[in-house]
Amino acid sequence: MIVDTAPIRAFLDDKHIKLAGQVTEFATRLLEPLAEPADDATARQQARDLLAKLGAAGWFQPIHDQDWRACCLIREALGASSPLADAVFALQALGVVPMLLSSNDAMRQRWLEPATAGRAMASFAMTEPQAGSDAASLGTKAERDGDAYVLSGTKTFISNAGIADFYTVFATTDGAKRDKGIACFVVPADTPGLRFVRPLLLSSPHPLGEIAFQKARVPGACRLDKEGEGFKLGLATLDRVRATVGAAACGMAARALSEALAHAKSRQQFGRPLADFQLIQEKLARMATELTAARLLVYRAAWEKEPYGFTKGRRRSSTSSSPGSSSSEDRGNRWRAGGAVLRHINERGRPHARDHDPRAQPPG
Ligand SMILES: Cc1cc2nc3c(=O)[nH]c(=O)nc-3n(C[C@H](O)[C@H](O)[C@H](O)COP(=O)(O)OP(=O)(O)OC[C@H]3O[C@@H](n4cnc5c(N)ncnc54)[C@H](O)[C@@H]3O)c2cc1C
């Protein structure tokens, strides 16, 4: 699938045009031939392999450089060819950007190079069973103990749970202060007291799960935020990565359009290909138009900087840039957010016990 730069040329520099060609070539050669993982364990293994491939090819460098237009082009190409590869990219960004935005040199020195090279897998742990959209209400505690913090609590819907090398974790030092009490830590996966609880199975391959902190002791040096600014760091990260979410959706939509077009050309009815019928042509033309409009929004949001501000432009791009997403089924699914994509959800929208794979429980 070619990432077509012509419609979005106004928002790109010459280096982006070159990069679009290179990432298209990479995705076509290395990702398109990959078989879809048959189960969660295979998806987890494939995600780790993809991490190494993406890192070796240099695709995480634009995250390090905070070149969001480049990140959008990469996510369009990955989204069209391998949503799993796209998820790996997205989580590298979410896990690493808080470090880039912080003034914690020690954490940058420890994790940035291996994460950018694809040798260390990142994860972003904000969501909790009772704190989804209302992230400021999170209940994972970080209690000060000398020059360290002791973390206790559960995180759910965490991508790369169980396979990440480090987790960028949001926890509260003072629940009464809500968002102003939230701190942000980089926690190595092998920290005693940090436990992978269970995987959550999705309708498509994506390593997801729950992790728990049981008095996990984390050195103060792992804290990224200045006192009271951890939540701001989290939102600033989401603001920057958000346009790229829209780009991944555009890549997937471009793939859907390409498949629909191929089918319309090859399928014969009434002695003619479907593509000859005016009604089918109108549907395909509408898909193409909506896709181009969505891409323009995405690349404008990625390009846009102050004085317009990140949040306004970017939130608009990730909510309205899923072309063809206006059906009632899609609307019905989208309001349930995380719960809608689990393979099995109970009547309260939370994961069924069936999603719990006891084999994933490490001892202790
Ligand atoms: C595939 C996948 C991967 C994920 N990966 C991660 C990850 O790596 N790290 C992480 O921390 N989280 C992750 N999440 C969690 C994700 O961030 C949450 O799903 C999201 O924050 C929404 O929370 P929720 O699912 O609990 O929905 P809820 O908060 O229960 O919301 C349900 C619906 O109500 C709507 N709603 C909520 N409040 C309001 C309001 N005030 N006004 C109007 N509508 C409202 C929401 O928009 C949503 O449509 C992931 C989720 C999924 C599905």
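Helices here are DSSP runs of H or I with at least four residues, strands are DSSP runs of E with at least two, and both are numbered from the N terminus. The model is a predicted one, in which local features need pLDDT of at least 70 and side-chain atom pairs count only at pLDDT 80 or more, whereas totals for chains, interfaces and linings use all residues. Residues are numbered from 1 along each chain as its sequence is written.

- Of the 364 residues of the protein, 43% count as buried, a residue being buried if 20 or more other C-beta atoms lie within 10 Å of its own, exposed if 12 or fewer, and partly exposed in between, with C-beta atoms placed from the backbone.
- In soluble globular proteins, nonpolar side chains tend to be buried together.
- Leaving aside residues up to four places away in sequence, V23 touches V3, W59, L73, I74 and A77.

**Helix α5 and its partners**

- Helix α5 (residues 83-101) and helix α7 (residues 230-266) pack at an angle of about 160°, with their axes 9 Å apart; axes are lines fitted to C-alpha atoms, for helices over the stretch in contact, and angles run from 0 to 180 degrees between N-to-C directions.
- The two helices, α5 and α7, are therefore roughly antiparallel to each other, given that angles under 35 degrees count as roughly parallel, over 145 as roughly antiparallel, 65 to 115 as roughly perpendicular and the rest as oblique.
- On the α5 side this contact is made by P83, D86, A90, A93, L94, V97, P98 and L101, and on the α7 side by L233, G234, A236, T237, R240, V241, T244, A248 and M252.
- By class, the residues of the contact of α5 with α7 are twelve nonpolar, three polar and two charged, where Ala, Val, Leu, Ile, Met, Phe, Trp, Tyr, Cys and Pro count as nonpolar, Asp, Glu, Lys and Arg as charged, and the others, Gly among them, as polar.
- Helix α2 (residues 40-56) also packs with α5, at an angle of about 65° and with the axes 9 Å apart.
- In this second contact, A43, Q46, A47, L50, L51 and L54 of α2 meet L84, A85, V88 and F89 of α5, a set with nine nonpolar, one polar and no charged residues.

- D86 counts as buried, with 29 C-beta neighbours inside 10 Å.
- Apart from residues up to four places away in sequence, D86 touches R75, L78, G79 and A248.
- D86 and G251 are 165 residues apart in sequence, and their C-alpha atoms are 9.8 Å apart in space.

**Helices α4 and α8**

- Helix α4 (residues 68-81) and helix α8 (residues 278-303) pack at an angle of about 150°, with their axes 8 Å apart.
- W68, R69 and C72 in α4 meet V298, Y299, A302 and W303 in α8, and by class this contact has six nonpolar, no polar and one charged.

**Residues in and between strands**

- K141 lies in strand β2 (residues 141-145) and counts as partly exposed, with 18 C-beta neighbours inside 10 Å.
- Not counting residues up to four places away in sequence, K141 touches L151, S152, G153, A171 and T172, while K141 and F213 are 72 residues apart in sequence and 9.1 Å apart in space, C-alpha to C-alpha.
- F157, which lies in strand β3 (residues 148-159), is buried, with 21 other C-beta atoms within 10 Å, and its phi is near 55°, a positive value in a residue other than glycine.
- R178 is found in the loop between β4 (166-172) and β5 (182-188), where it counts as partly exposed with 14 C-beta neighbours inside 10 Å; phi of R178 is near 45°, a positive value in a residue other than glycine.

Conventions
Contact = placed C-beta atoms within 7 Å.
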